[in-house]
Amino acid sequence: MNKENWLTRVRAGLQKSSKNLSEGIAGIFQGKQIDVDTLEELEELLIMADLGPQTASKLTIAIEESGSSGATSPLAIKTQLARNITQILTPLALPIQLNPLNIPTIFVFIGVNGTGKTTTIGKLAQQLSQNSAKVGIVAADTFRAAATEQIQQWGERAGCFVFVGKEGSDPSGLVYNAAETAHKKGLDGLLIDTAGRLHTKNNLMEELAKISRVLEKLNPEYPHGIVQVLDATTGQNALSQVASFKKTINVSGLIVTKLDGSARGGVVVALADQFGLPIHAVGLGEDIDDLQPFSARKFAQGLLGLSNEAFS
């Protein structure tokens, strides 16, 4: 998908978020000055848009320090916000890539129930396979038969190796054997689907840590990434999920799903600002092409509802 199509898709997905922000900014700044009152209203608006108190404060201060004084336009405010958001996001827009020096490059995918983790892995596997990579998927959610079936369906569609264990078996053992086999077969990538779990369940969180330890025993460089998949519709709850998972396991990057139709797209900026973790991709719908590598500038543009002409 080219950049223009990405912008079209992200703009459509963020329509609710951008509508709320655009209307709010227009209501605050139409014919008004940048002053203490309008800045306070702007900060409240950004918090309500799920950018979070920390990020909202930072962006509001940047508007105050931008040198603008007197009357300003809503478009000027949106453009300045988009520039500042782009600065936050740009260093963290890092797509998932397979390293030819690592055979296989191993990614473990984690998250709470219902984030779209299994579907995300399936889409990613198919995209990587379409780029001529030999990819394996590990169905390490051994306690949910539907997850295994779903992974197998994606594997057939993508032409991927699928590693499946017995129902109820120890996922760590399956992961170890899959990594060993993937190395012997010369697979380029191995994507490990773990069971969805609440971050409050200590025994299940420890299971994740065990999977990581088992991989490290096989090769100290394994895994090459631990990717947390988040549901954008949960808003600020996504922040607490990342904070909780990071206490147990070394989260290395994020994928944010279900941005289409959500009014909480601002949480992506809050996640980036608070944790400084790479944002590998975002999900903007059900189709395979709706999972896209993250573009900082296009995301900021879509979030503020700016055209190419306005944000050149």
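This is a predicted model: local features need pLDDT of at least 70, side-chain atom pairs count only at pLDDT 80 or more; totals for chains, interfaces and linings use all residues.
1. Two strands count as paired if DSSP finds at least two bridges between them, and strands themselves are DSSP runs of E, at least two residues long, just as helices are runs of H or I with at least four, all numbered from the N terminus.

2. Residues are numbered from 1 along each chain as its sequence is written, and side-chain values use heavy atoms, leaving out hydrogens and water.

3. β4 has another partner to look at: β1 (residues 105-110) runs parallel to β4, joined by 5 bridges. Val108 sits opposite Ile192 there.

4. Is β4 (residues 189-193) covered or open? Mostly covered: 5 of its 5 residues are buried (under 20% relative accessible area with a 1.4 Å probe, protein chains only; over 50% would be exposed, in between partly exposed). In a regular strand, side chains alternate between the two sheet faces. Here Gly189, Leu191 and Asp193 lie on one side, Leu190 and Ile192 on the other, and both faces are covered.
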